[in-house]
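User: I'm new to this structure and would like to go through it with you. Could you show it to me before I start asking?

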Amino acid sequence: MDGIDGRVRNAVDVWLRWLPRWQIGTARPRTRICRKCTGSPIASAAGFGPDVPHPVQHALIGRISTIIEDSVDDYTAKNLPLLQRELERAAARKRHEGYQPAEGLSPEFQGLDVDPQPQEGAPFLFTLEGLAGTGASQAAPREPLSDEAKAALRHEIDLSDECARSTGTAVCLALIDHRPRITEAVERLVEPQIEALVSDMFRGLEGDGSRGGLF
Ligand SMILES: [Zn+2]
């Protein structure tokens, strides 16, 4: 398997191939804060300024976070047997929860709302969110953990957090090397779309007569 540097390079390559297909939306922006991107050190490492639209940032941040998650999964599977067993149990419980619309999406869509924003007076027939849990079945109950087992598990969770932190740092350092490529692509493919949208809005304002000459 590739090292961290190779995986980060590959994630940036994939994002650079995706970016030309991205088109600025004219829809009202979402008001809900994205837990993946808000305050993410990956965004600073990538050199994203506050003007870079969220979907553009999310697509890269999602792919880069996957590298960290995969490394932690790998480390856990190899070194942390108690935590691994807990995770497998949780995964089994999840399988009993039925249809999960937010699972298994490609990184561009992970962590975003699965349904479009509802419009007033036009209710949806159904939403994906509303279908969550369809096909659920009863999971087997589990035996309670002893105090020693809990302490041992907590220790393994600390180790896995430490792995996430050190991998996160390595990933961000590797990402800084790609900042020029990322910045160039944003300037070439994203900024002209923002400028076009803004000048369209200004043209609209000038077009209504009374405010002509304001800009
Ligand atoms: Zn996001």
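User: Where does Asn-10 lie?

Analyst: Asn-10 lies in helix α1, which covers residues 4-18. Two notes before we go on: this is a predicted model, where local features need pLDDT of at least 70, side-chain atom pairs count only at pLDDT 80 or more, and totals for chains, interfaces and linings use all residues. Residues are numbered from 1 along each chain as its sequence is written, and side-chain values use heavy atoms, with hydrogens and water left out.

User: What makes a stretch a helix or a strand here, and how many of each are there in the chain?

Analyst: Both are DSSP runs, numbered from the N terminus: a helix is H or I over at least four residues, and a strand is E over at least two. By that rule the chain has seven helices and zero strands. Read along the sequence, that gives the pattern α-α-α-α-α-α-α.

User: Why is Asn-10 called partly exposed?

Analyst: Buried means under 20% relative accessible area, exposed means over 50%, and partly exposed is in between (1.4 Å probe, protein chains only). Asn-10 has a relative accessible area of 42%, so it is partly exposed. Its C-alpha atom is 9.7 Å from that of Arg-63, a residue 53 positions away along the chain.

User: Is Gln-23 buried or exposed, and why?

Analyst: Gln-23 has 66% relative accessibility, so it counts as exposed. You'll find Gln-23 in the loop between α1 and α2. From Gln-23 to Pro-55, it's 32 residues in sequence and 9.8 Å in space, C-alpha to C-alpha.

User: And why is Ala-102 placed in its class, at 47%?

Analyst: Ala-102 counts as partly exposed because its relative accessibility is 47%. Ala-102 sits in the loop between α4 (81-96) and α5 (128-131).

User: Why does Ser-71 count as buried?

Analyst: Its relative accessibility is 12%, so Ser-71 counts as buried. Ser-71 lies in helix α3. Leaving out residues up to four places away in sequence, Ser-71 touches Ile-4, Arg-7, Cys-163 and Thr-167. Contact here means heavy atoms within 4.5 Å.

User: What does Thr-167 contact in turn, and why is Thr-167 called buried?

Analyst: Thr-167, in helix α6, is in contact with Ile-4, Ile-68 and Ser-71, leaving aside neighbours within four places in sequence. At 9% relative accessibility, Thr-167 therefore counts as buried.

User: Which class does Asp-74 fall into, and why?

Analyst: Asp-74 is at 33% relative accessibility, so it counts as partly exposed. Asp-74 also lies in helix α3. The C-alpha atoms of Asp-74 and Gln-84 are 9.9 Å apart, and the two residues are 10 apart along the chain.

User: What share of the chain is buried, and what share of the contacts joins residues 24 or more positions apart?

Analyst: Buried residues make up 27% of the 215 residues. Among contacts with a separation of 6 or more, 79% are between residues 24 or more positions apart.

User: Which residues line the second largest pocket?

Analyst: The lining is made of Lys-36, Ser-40, Pro-41, Ile-42, Ser-65, Ile-68, Ala-164, Arg-165, Gly-168, Thr-169 and Cys-172. The elements giving two or more residues to that lining are α2 (41-46), α3 (54-79) and α6 (147-176). The largest share, five residues, comes from α6.

User: What makes it a pocket, and what makes a residue part of the lining?

Analyst: On a 1 Å grid over the protein atoms alone, a pocket is an open set of points with protein on both sides within 12 Å along at least five of seven lines, and lining residues have an atom within 4 Å of a point.

Note on methods. On a 1 Å grid over the protein atoms alone, a cavity is a set of points where a 1.4 Å probe fits but cannot get out, and a pocket is an open set with protein on both sides within 12 Å along at least five of seven lines; lining residues have an atom within 4 Å of a point.
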